[in-house]
Amino acid sequence: MTQNILGGRYVLGEMIGTGGMADVFRAHDQRLAREVAVKVLRSDLARDPSFVARFRKEAFAAAGLNHPGIVAVYDSGEDPAPYIVMELVSGNTLRELIHRGERLPLARALEIGEGILAALEYSHERGIVHRDIKPANIMITDQGDVKVMDFGIARALDDLGATLTSTWNIVGTAQYLSPEQALGEIADARSDIYSTGCLLYEVLTGQPPFTGDTPVSIAYQHVSGDFVLPSKIALDLPVGIDVMLSVALAKKAEDRYQSAGLMLDDIFKIHAGETITTKIARKPIKRRVVVGVLVALLFVGGISTAALIISKPNAASVGNQIPNVIGLTESAAKSLLTDYVVTISHTHDARIPKDRVANQIPLATTRVKSGSGVVITISDGPGDAIVPVDLVGMSLLDARASLAAAGLVVSQTQAMNSDQVQGTVLKVIPDPGSTITAGTGVILQIASGQVEVPSLIGIDGIQAKTLLVQAGFLIKELEANDPSQPTGVVIRQAPDGGSTQTIGQSVTITINKTP
């Protein structure tokens, strides 16, 4: 950010998080004199007026959720960039805890599930479906409490439509996607239940229920694959876990728990050592035959959604309607196109993995005669991209947009002490001008807004004040006498030299004076 005050009210402090959709700052609310977290939207989303309008609407809807298990949304605005103001929570996301590789004890895992479901039960009763339950959206506070976050963002993103576009490297999002979301159908409260089931499966076993090399392969399994029972992976789990997750992860929404409260009741029973008797409804299940998939994924840090368009043949259209083969391997695509004359071409494509179909002509579902020609284009991978040469000195938001235009992404930001404006790019890794693989992540070192306080003890008072002014600090000067030190030098300072302080704050120096 080139400005450190939002809405004329929120003074931004250090950056405490970043993601594909937004950057999060610690901030001070001048009006209410409290510390808050401010999430500033990514520049490309900020330039979409329709998204900003949806975001504003849903942020205020989320602000009406007053529950101890939900990170509170206090405010939102668009000056100078779209942002939301949230409760400042001290802790870690569940994603961070999972990535440490430590399997949680059963009792603690169930407590986390209880916390998530209690929050969802509250929000669902008020008509708000999260639609993006995943470990990155679950906070575990320093006190061990569970808090669900990003209700408003998830809802606003979902309203963008059934089919959205972005990159193919978003495996983490697809792992918690409900079958109806994968099929582009309407997501309701039972979609949150499915995603919670995926999350609990991973917490309990150490791995998600479905994995794969690409989002499309994972989404395919959500729609038609079978997961390994948790007790087959973690042998010490009670049988009730298998039953509970089998219901939560049912393919058809009507076979799942019909409310978060019902799933919560069963978790309480398991926690208490009781037997649960819930079963999947025994109506016949017509399994969808997946002929082809067109992947469309949107990733925003945090906040994201996905939809797949899946072609389903019927007796009247077999041989006339071309199946959708986008995302499939060449051999798999040809096996579905046996009624047509297939021509192969190749191109670089940063969105589609190497050796997968990136494009097809005619388009899927087009009706043509058997024996007609079909051209499928195979991705040769992303190709090369050049790291922009003008990133240093940009704001983080502008640098992210410039990298996206070059076919690159920000993989990591490193906050560094600097006298530059907060969020200013200080260094780029790899070096600007480098040729790297398109889609590769670039590391940006950015100004944190914190600068190191110079060590002033023993320095002449005038020189010390000059150093402080040059570093951007205000000065508070005191006097004292220490016969062992020369007159006019600094004998004490606060804060200590080597510590960090926000630019513009005061540093107190005590100068030795003769009595």
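These legends accompany close-up views of a predicted model.

**Figure 1**
The protein chain has 515 residues, and buried residues make up 50% of them.

**Figure 2. Helix α11 runs roughly antiparallel to helix α12.**
Helix α11 spans residues 239–248, and helix α12 spans residues 260–271. Their axes come within 10 Å. The crossing angle is roughly 170°. An angle over 145 degrees counts as roughly antiparallel, so α11 is roughly antiparallel to α12. On the α11 side, the contact is made by Gly240, Ile241, Met244 and Ala248. On the α12 side, Met263, Ile267 and Ile270 take part. By class, the residues of this contact are 6 nonpolar and 1 polar, with no charged residue.

**Figure 3. Helix α11 is mostly covered.**
Of the 10 residues in α11, 8 are buried. Gly240, Ile241 and Asp242 are among them. Met244, Leu245, Ser246, Val247 and Ala248 are also buried. What do the buried residues of α11 pack against? Their partners are α4 (106–125), α8 (189–205), α10 (230–233) and α12.

**Figure 4. Helix α9 is mostly covered.**
This helix spans residues 215–224. Of its 10 residues, 7 are buried. Pro215 and Val216 belong to the buried set. Ile218 and Ala219 do too. His222, Val223 and Ser224 are also buried.

**Figure 5. The second largest pocket is lined by 20 residues.**
About 320 Å³ of space lies in this pocket. Which lining residues lie nearest its centre? They are Asn4, Leu12, Gly13, Gln422 and Thr502. Strands β2 (10–18) and β3 (22–29) each supply at least two residues of the lining. The largest share, 4 residues, comes from β2. Sorted by class, the lining has 12 polar, 5 nonpolar and 3 charged residues.

**Figure 6. Aspartate 29 is buried in strand β3.**
The relative accessible area of aspartate 29 is 0%. Buried means under 20%, so aspartate 29 counts as buried. Which residues touch aspartate 29, leaving aside neighbours within four places in sequence? Its contacts are Arg9, Tyr10, Arg34 and Val36.

**Figure 7. Threonine 141 is buried in strand β8.**
Strand β8 covers residues 138–141. Threonine 141 has a relative accessible area of 9%.

**Figure 8. A cis peptide bond joins isoleucine 361 and proline 362.**
Omega for this bond is about 0°. Where does proline 362 lie? Proline 362 is in the loop between β13 (357–361) and β14 (373–379).

**Figure 9. The peptide bond from isoleucine 429 to proline 430 is cis.**
Omega for this bond is near 0°. Proline 430 sits in the loop between β17 (425–429) and β18 (435–437).

**Figure 10. Alanine 33 has a positive phi although it is not a glycine.**
Phi of alanine 33 is about 50°. The residue lies in the loop between β3 and β4 (34–41). Is alanine 33 buried or exposed? Its relative accessibility is 59%. Exposed means over 50%, so alanine 33 counts as exposed.

**Figure 11. Aspartate 355 has a positive phi in a residue other than glycine.**
The phi value of aspartate 355 is near 70°. Aspartate 355 is placed in the loop between β12 (341–347) and β13. With a relative accessible area of 42%, aspartate 355 is partly exposed.

How values were computed:
Residues numbered from 1 in each chain as written. Predicted model: local features only at pLDDT ≥ 70, side-chain atom pairs only at ≥ 80, totals over all residues. Heavy atoms only, no water. Axes fitted to C-alpha atoms, helices over the stretch in contact; angles between N-to-C directions. Parallel < 35°, antiparallel > 145°, perpendicular 65-115°, else oblique. Contact = heavy atoms within 4.5 Å. Nonpolar A, V, L, I, M, F, W, Y, C, P; charged D, E, K, R; others polar. 1 Å grid on protein atoms, 1.4 Å probe; cavity = no way out; pocket = protein on both sides within 12 Å on 5 of 7 lines; lining within 4 Å. Points joined across faces, edges and corners; volume = space filled by probe spheres on them. Buried < 20%, exposed > 50% of the residue type's maximum accessible area, 1.4 Å probe, protein only.
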